[in-house]
Amino acid sequence: MVPCRGQSRKQGFQMRALRITTFLLVTLSPLANSYGQEPSPPSKDKTPTNVNLTFAQLEGVWLQLPASILDLKTFQFSPDGTCIFTRSGEASGEYEHVGDSLTISAGYSSAAIKLLPPVWKIHADGDALTLQMFNDLPACPFHRINSASAGSDPLVGSWAANACDIPATAPNSSVWKSLVSNAAYTFTAEGKIHLRYTESQVFPYSIQNAGISVPVIGAKDYRYSFTAENGTPTLTGENHGPVLIKQTPTEILAWKYTEGDQSEEVIRRENNVLAAFKAELAKDPNDPGAVDDIGALLFRMAGQPFDKSKFEESKTHFQRHIQLKPQDPEPYYWVGVIDWLLAYRANSELRSEYNRNNLTKQVKDTDPLPLAVRADYVSKYGAMVEEGITDLKRAILLRPNYDDAMAYLNLLYRRKADMVETEADRASFEKRADDLVEKIKAIKQANAAAGNQPIVTSLLTPPPPPPPPPPSLPPIGGIIAPQTIQVGGAVQAAKIVSKVNPTYPLLARQTHISGPVRLHAIIGKDGSVQRLEVISGHPLLLQSALDAVYQWRYQPTLLNGKPVEVDTTVEVIFSLNP
């Protein structure tokens, strides 16, 4: 079937590709964190809720929200009154293969992996593989879908499932069937496992005036009402039930992008999605929606691992949107976000490099840059910071209460303060930033008083990265102070006496971002956390991890009977399915 997008793509591009609620830290001070929502842009293209639904409006592919790559649910309605319900997903973890035993670790917080037992029976022989996950389930056959590496573990490679008969009486039989008979597994030589799975079922549905009735997974008869605000067809379950958003197959594939997954399969898939978006743009180079699809996907691909060139390419697409529709505030906002992200990262790297080369004269995050470093920073990023400031001001001019744009303007003013020569000029830019923080707080308080609630109505637009962590002591940079010992993360974890769990960032939860955050830590002689430095992790999860770990307390570590500082690592796991 050919997907039907309801109203035109041009009418709907803002809703589909750019509107997203964002929750942001708006200041460098940990005492002045402020979160809030982006107000929806005014709409001129609204379809009344109570309309008679026709199959032409219903035809196509619908994605259920909240959606996750761990459990992606789509609906496809046919004119014969049947609906194809498909559940698919991806999950990652770690494995250890010894003989015919495979031990699985859900270290990457994957819902599907967590459904599996920790130890499987497994046998790999050439291009054939059998997996048995439970004694009361059959051993299921797989076949190799790539060439084996000479001399490596025979398990390493990618495997696709053959038919496997899972008894209908088995608990969660449909789930197990997906995981062992409709799945593909990849095992890497580094001990990583990646799972892709899918299952489909067919259910009847009926159109009822302004909505439909469909038994989801055969368990409950859900009723959905139809709207098409801003050109985005939406089906909303009654009593705040599931929400379905119409998407093209390419958009759904893009939504399944896994940040940080550099497997051949994921890279190939995302390149194919990017090519499909570009082909769509070639058909109509003046379509802002197609421009935004490419810019948004590139933004997501650039974050983890960090890829400056992809961020810069992403920015060019938002700048193209500005050329096409200069009165839209969102693309100015995204240009400013990207400019801040690149300028902030460069600032942090310059400070770290300086501190590594000047062990006795460290520069704190709140200190002005040394003269030579400042000159280098200005020459490379001065124009970028000016561009970001100009574009964010334009976004605010077009939408006066655009608090998220104000948040990033505040942050760029702080980067600008690192570029000026005099203390008076530095203080002036910091004052502008502080004034914006107060204005943002007032806007958010007004939104809260008005009862405005965040919603997520976009799938492709990436959430902006969080502002930087609060000022800390000089970067660790490998410097070990006297009477400091290095201790492994697992050993030090056993000494925790007080642990605060991190708050899951709302935007990260809404956009289904999970995984580990790894931190380099210095534990003081009294067991308190003295310094933290990010090693890896998704940008949206970093601040919450830092805030939590700074509150942890450890048993003091003794060396020859005297307390010493400890240099160690900490891993904080964010899981959508604890």
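Reader: Which strand is Thr-234 found in?
Author: Keep in mind that this is a predicted model. The strand in question covers residues 234–237. Thr-234 therefore belongs, by the DSSP runs, to strand β14.

Reader: Is Thr-234 buried or exposed?
Author: Its neighbours beyond four places away in sequence include Trp-62, Phe-226, Val-243 and Ile-245. The cut-off for buried is under 20% relative accessible area. Thr-234 has a relative accessible area of 10%, so the call is buried.

Reader: What share of the residues in the chain is buried?
Author: The chain has 578 residues, and its secondary structure comes to 15 helices and 22 strands. Its accessible surface is about 25400 Å², with 53% of that on carbon and sulfur atoms. As for the buried residues, their share is 51%.

Reader: Which element gives the largest share of the largest nonpolar core?
Author: That core has 46 residues, and Tyr-333, Tyr-377 and Tyr-408 have the most contacts inside it. Elements giving two or more residues to it are α7, α8, α9, α10, α11 and α12. The largest share is 13 residues, and it comes from α9.

Reader: How many residues are in the second, separate core?
Author: Trp-159, Ile-166, Phe-187 and Ile-193 are included in this one. The count for this second core is 27 residues.

Reader: For contacts between residues at least 6 apart in sequence, what percentage join residues at least 24 apart?
Author: Tyr-377 makes a handy example of contacts along the chain, since touching means heavy atoms within 4.5 Å. Among the residues Tyr-377 touches are Ala-343, Tyr-344 and Arg-415. Over the chain, the percentage joining residues at least 24 apart is 65%.

How values were computed:
Residues numbered from 1 in each chain as written. Predicted model: local features only at pLDDT ≥ 70, side-chain atom pairs only at ≥ 80, totals over all residues. Heavy atoms only, no water. Core = buried A, V, L, I, M, F, W, Y, C linked by side-chain atoms within 4.5 Å. Buried < 20%, exposed > 50% of the residue type's maximum accessible area, 1.4 Å probe, protein only. Helix = DSSP H or I, 4+ residues; strand = E, 2+ residues; numbered from the N terminus. Areas by Shrake-Rupley, 256 points an atom, 1.4 Å probe, with all protein chains shown as cover.
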